[in-house]
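Here's a quick tour of one model, from the overall fold down to a couple of residues. Have a look at it first.

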Amino acid sequence: MRQIEWAMWANEQAIISSSVVLFGGIIGITGFFKAWEIGIYGVIAAILVFVIEYPRGKRVKGRTTERKFQQPFTRFVNCTGFLGRNYFVRFLFHLVLCAPLCFILATIMGGLCLFVTSMIYLVAAFKGEQWNPVGLEEVPAEETKKELKSFRQPKKPPPRAPPQTIEDNHI
């Protein structure tokens with residue numbers, strides 16, 4: 001059985017959390033809550049989480065499918081260096097972001113989603129995972145060409161269905 005890549009789960013959870021926080025923030029602003037400023041904070045936090053979490057990290061084994069338009073976000077996160085790659089930093093980042101969101105009803109669900117995201121990132125950090133960029137490494141043109149492999153001739157013929165006998169039934 002394969003090892004679970006916790007960072008992939010946390011990344012997907014963070015994308016969903018950012019949309020929940022965004023909608024909660026919009027409702028917090030337009031819903032005439034007393035602390036509508038937290039709604040503005042929620043919208044800004046959702047955009048920030050989305051920008052940081054949109055690029056997928058490279059998987060340890062197997063292929064990683066990039067998201068559409070991931071390259072600029074990947075470059076941004078890659079430029080942050082240690083702060084963008086380390087999952088302990090992401091754990092603290094999401095934990096700090098979720099605290100103010102739990103003070104009004106409109107954003108509490110998004111705050112709890114970000115809390116769950118931070119806990120998943122904590123597990124990923126303890127497992128020793130690290131974010132690596134996808135698609136930024138330049139591959140020489142010679143390596144992109146696929147080589148044709150020659151196959152050996154089969155030694156046994158392929159299995160065939162037994163011949164069917166046609167019975168002539170005379171009337």
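What pattern does the protein follow, read along the sequence? It goes α-α-α-α-α-α-α, which comes to seven helices and zero strands. Helices here are DSSP runs of H or I with at least four residues, strands are E runs of at least two, and both are numbered from the N terminus.

This is a predicted model, where local features need pLDDT of at least 70, side-chain atom pairs count only at pLDDT 80 or more, and totals for chains, interfaces and linings use all residues. Residues are numbered from 1 along each chain as its sequence is written, and side-chain values use heavy atoms, with hydrogens and water left out.

Of the protein's 171 residues, 33% count as buried. Among contacts (heavy atoms within 4.5 Å) between residues at least 6 apart in sequence, 73% join residues at least 24 apart.

Now for two residues. Buried means under 20% relative accessible area, exposed over 50%, and partly exposed in between (1.4 Å probe, protein chains only).

| Residue | Place | Relative accessible area |

Leaving aside neighbours within four places in sequence, Gln 70 is in contact with Tyr 54, Pro 55, Arg 56 and Val 134.
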